[in-house]
Amino acid sequence: QQVDRNDVHRRAAAAEVDYVIVDSRSAEGLERHRVQTVVVVAISDDAAVRKPCENKLVSFLRGRGLGAVASYRAVPDLAAPPSREQIVQFIAEQQADSVITVRVASLDAAGDAAWIEAWEAWMSRPSTARELVEQSLPAPPGKAKRYGVEIALFDLQQPGRLWGGRTAGHE
């Protein structure tokens with residue numbers, strides 16, 4: 001059975017699938033602080049999929065006492081974001097200090113081992129949420145037989161990724 005990347009977001013938003021983090025890394029050299037308010041970004045070029053996925057994660061985070069807001073409210077189309085100033089204004093209005101991204105990666109072409117290697121290489125170098133979105137969109141067309149899910153937490157006070165995690169490959 002082949003699965004569309006957007007279907008992964010849809011299934012996660014509907015709580016049809018539990019994704020378990022099997023590997024995670026924390027950044028070195030960044031000062032730690034308590035996360036207060038998070039902007040949630042489901043990296044998808046399908047707004048009908050992105051919105052419920054972000055809403056589900058926002059609800060989850062709020063249920064654990066964090067402030068959280070869905071990014072689609074400020075950036076309806078990740079492939080055509082508003083100006084940097086508008087995004088900065090939105091973040092300031094929400095008093096957000098962090099961004100969480102959720103990204104689905106196809107494992108069909110390169111396989112699980114190559115995806116894990118690429119993820120580990122990405123985790124070893126500095127990155128920002130904006131760079132991740134730009135590198136991920138537009139999403140390749142088509143459906144994947146195997147996929148993995150990546151989650152990352154980025155700090156807005158000292159630009160950089162604080163933490164990243166990934167699931168195992170799924171069918």
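This is a predicted model: local features need pLDDT of at least 70, side-chain atom pairs count only at pLDDT 80 or more; totals for chains, interfaces and linings use all residues.
Local features need pLDDT of at least 70, side-chain atom pairs count only at pLDDT 80 or more, and totals for chains, interfaces and linings use all residues. Residues are numbered from 1 along each chain as its sequence is written, and side-chain values use heavy atoms, without hydrogens and water.

Helix H2 covers residues 47–62. Helices (H or I, at least four residues) and strands (E, at least two) are DSSP runs numbered from the N terminus. The 16 residues of H2 should span 22 Å at 1.5 Å a residue, and its end C-alpha atoms are 22 Å apart, which agrees. The expected span is 1.5 Å times one less than the number of residues. Asp46 caps the N-terminal end of H2, with a side-chain oxygen 3.0 Å from the backbone nitrogen of Ala48.

Helix H4 (residues 112–123) has 12 residues. Its first and last C-alpha atoms lie 16 Å apart, close to the expected 16 Å. Trp115, Trp119, Trp122 and Met123 are buried in H4 (under 20% relative accessible area; exposed is over 50%, partly exposed in between; 1.4 Å probe, protein chains only). They cover an arc of only 100 degrees around the axis, which puts them on the same side of H4. The arc is that of the directions from the helix axis to the C-beta atoms. Ala113 and Glu117, on the other side of H4, are exposed. The cover over the buried residues of H4 includes strands S2, S5 (98–106), S7 (147–155) and S8 (160–166), and helix H5 (129–136).

Asp23 lies in strand S2 (residues 23–26). Asp23 counts as buried because its relative accessibility is 16%. Beyond neighbours within four places in sequence, Asp23 is in contact (heavy atoms within 4.5 Å) with Trp119, Glu120, Gly164, Gly165 and Arg166.

Conventions: A polar contact is a pair of N or O atoms within 3.5 Å; within protein, one must be able to donate a hydrogen and the other to accept it, and residues adjacent in sequence count only if both atoms are side-chain atoms.
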